[in-house]
Amino acid sequence: MSKMSDKPEISNAEFEVLDVLWDDHPATSNEVIARLNDKKDWHEKTVKTLLGRLVKKEVLGFEKQQRQYLYYPLIAKEDYTKKETTSFVSRLFKGKIAPMVAGFANQNSLSKQDVDELKALIKKWEENND
């Protein structure tokens with residue numbers, strides 16, 4: 001899989017298609033449509049258009065197998081998540097994570113598990129960066 005840094009933006013609808021393929025690939029367009037129909041009521045042509053856009057953006061690849069195309073991601077979910085997280089924090093919080101976490105804390109949006117996970121991440125970072 002290639003790096004996300006040189007890939008174009010992905011719309012929310014395109015992301016949903018890509019997410020289905022990250023879960024299980026390769027898949028035919030009919031398999032993608034069936035998986036998406038568990039969550040969305042999208043027309044078959046809509047899904048095929050989104051698959052085509054993702055192929056054109058070089059985010060998905062495909063191979064022809066008999067009379068069908070098998071689609072698979074060309075980018076790793078982790079790379080996409082890292083890029084989007086960095087972009088989000090940069091745009092909204094000027095690259096600083098503390099104000100974002102403070103915003104969640106002030107809204108009482110953090111569970112005890114969230115706080116424990118943050119503490120563990122900070123501890124691990126301290127151990128690796130001291």
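Start where Phe88, Val89 and Phe93 of helix 4 meet Ile97, Pro99 and Met100 of helix 5, with contact meaning heavy atoms within 4.5 Å. The residues of this contact divide into six nonpolar, no polar and no charged. Here Ala, Val, Leu, Ile, Met, Phe, Trp, Tyr, Cys and Pro count as nonpolar, Asp, Glu, Lys and Arg as charged, and the others, Gly among them, as polar. Helices (H or I, at least four residues) and strands (E, at least two) are DSSP runs, numbered from the N terminus.

This is a predicted model: local features need pLDDT of at least 70, side-chain atom pairs count only at pLDDT 80 or more, and totals for chains, interfaces and linings use all residues. Residues are numbered from 1 along each chain as its sequence is written, and side-chain values use heavy atoms, with hydrogens and water left out.

How do the two helices lie? The axes of helix 4 (residues 77-93) and helix 5 come within 9 Å and cross at roughly 85°, the axes being lines fitted to C-alpha atoms over the stretch in contact, with angles from 0 to 180 degrees between N-to-C directions. Helix 4 and helix 5 are therefore roughly perpendicular to each other, a label for angles of 65 to 115 degrees.

Now turn to the hairpin. Strand 1 (residues 60-65) and strand 2 (residues 68-73) run antiparallel and are joined by six bridges; two strands pair if DSSP finds at least two bridges between them. Leu60 stands opposite Pro73 in strand 2. Two residues lie between the strands, and Gln66 takes a positive phi near 55° in this hairpin.

Definitions and conventions
Angles under 35 degrees count as roughly parallel, over 145 as roughly antiparallel, 65 to 115 as roughly perpendicular and the rest as oblique.
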